[in-house]
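Please look over the sequence and the structure below before turning to the notes.

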Amino acid sequence: MKFNIALLAGDGIGPEVIDQAVKVSDAVAAKFGHEITWKPALTGAAAIDAVGEPYPDATHDICVASDAVLFGAIGHPRFDNDPTAKVRPEQGLLKMRKALGLFANVRPTFTFPSLLDKSPLKQERIEGTDLVFLRELTGGIYFGEKGRRDGGETAFDNCVYTREEVQRLAKKGFELAMTRSKKLCCVDKANVLETSRLWRETVQAMEKDYPEVEVSYEFVDAVAMRLVQWPNSYDVLITENLFGDILTDEASVISGSMGLMPSASMGTDIALFEPIHGSYPQATGLNIANPMATVLSAAMMFENFGLQEEGKAIRAVVNDALAKGIVTEDLADGGKAYGTKEVGDYLAANI
Ligand code: IPM
Ligand code: MN
């Protein structure tokens with residue numbers, strides 16, 4: 001097959017980890033007889049510096065004309081320390097999610113056999129964890145009206161959901177649950193928030209269409225606790241934007257490093273693949289960042305094209321590198337730490 005992939009490296013360690021994912025994807029393509037044409041485009045602080053905005057129209061045009069988007073990371077501390085900044089790199093990410101209609105963020109959490117002792121959590125609790133978050137990505141408090149009033153003394157962020165937004169996300173959740181263990185957990189705060197009550201009511205009304213799926217409704221605070229206590233008790237979890245953002249960072253602790261966790265953002269049309277970690281500015285250019293989350297995001301990209309074997313080949317080589325200790329410093333545990341590029345070279349050479 002032939003693919004055009006938009007390549008949005010972004011900021012911080014983004015370009016370094018993206019380089020490795022490209023290398024590994026090209027190796028997979030060569031092995032299985034595919035041809036990938038990469039279409040680099042600007043985003044984030046890099047785009048602000050170059051053209052004054054974090055998600056330029058030219059980048060959007062490249063994305064919509066491609067078969068998928070592979071994304072690195074976005075964010076720069078120079079904006080974090082300046083709350084008055086008018087344009088922020090993160091706005092580019094949000095604008096892109098909205099413009100590409102990427103309403104469902106698929107964030108799997110799983111363990112790697114050779115890393116069970118890397119998690120701060122007890123091995124017997126996390127062993128065999130295999131759960132998937134479906135985080136709603138284009139609604140909620142991220143996109144509601146926000147601002148300041150009273151001469152700047154009062155700030156507000158509105159959380160808004162429509163029934164239709166909940167339905168389309170929940171539908172993906174039910175469908176995914178049907179392909180797995182038929183267990184779905186709706187995470188909300190329905191004892192306090194009106195938007196959560198809409199979520200719960202909407203999901204409850206959909207239960208009759210999926211009689212085989214066992215649905216539970218749990219409050220987000222309780223899930224935050226149970227997730228690290230008994231991760232094995234979950235399978236598919238659906239939740240709104242901000243809860244999903246927070247819980248998936250927490251869940252990454254189960255696998256041993258945030259540098260391992262991939263994600264896919266899906267919508268009606270094009271899909272985007274990105275690691276769940278951020279731009280890790282302190283590590284920029286140091287060749288120390290873990291490229292595996294981005295490499296595994298590329299595996300999800302192949303799988304989304306229906307190319308299961310290609311995805312499997314990437315997962316296998318990542319497992320092999322982990323088992324042999326060919327890892328970056330986040331996983332080296334006092335042993336030898338390999339560079340970002342060296343890990344990428346190993347993965348590409350051993351596909
Ligand atoms: C993520 C990130 C983003 C988010 C930031 C960078 C805006 O944390 O993808 O999880 O909050 O969605
Ligand atoms: Mn996040």
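Strand β8, helix α8 (residues 194-206) and strand β9 form a right-handed β-α-β unit; right-handed means that, with the strands pointing away from the viewer, the path from the first strand over the helix to the second runs clockwise. The model is predicted: local features need pLDDT of at least 70, side-chain atom pairs count only at pLDDT 80 or more, and totals for chains, interfaces and linings use all residues. Residues are numbered from 1 along each chain as its sequence is written.

**The strand pair**
- β8 (residues 183-188) and β9 (residues 214-219) pair in the parallel sense over 6 bridges, where pairing requires at least two DSSP bridges between the strands.
- K183 has E214 of β9 as its bridge partner.

**Helix α11**
- Helix α11 covers residues 292-304 and reaches 18 Å from its first C-alpha to its last.
- Helices are DSSP runs of H or I with at least four residues, and strands are runs of E with at least two, numbered from the N terminus.
- Because 11 of its 13 residues are buried, α11 is largely enclosed by the rest of the structure; a residue is buried if 20 or more other C-beta atoms, placed from the backbone, lie within 10 Å of its own.
- Among the buried residues of α11 are M292, L296 and F302.
- G306, which follows α11, has a positive phi near 85°.

**The annotated region**
- UniProt lists residues 4-347 as "domain: Isopropylmalate dehydrogenase-like" in an unreviewed entry; such annotations may be inferred rather than shown by experiment.
- Over residues 4-347 the chain is 44% helix and 19% strand.

Definitions and conventions. Chains are lettered from A and ligands numbered from 1 in the order in which they are written. The expected span of a helix is 1.5 Å times one less than its number of residues. A residue is buried if 20 or more other C-beta atoms lie within 10 Å of its own, exposed if 12 or fewer, and partly exposed in between; C-beta atoms are placed from the backbone.
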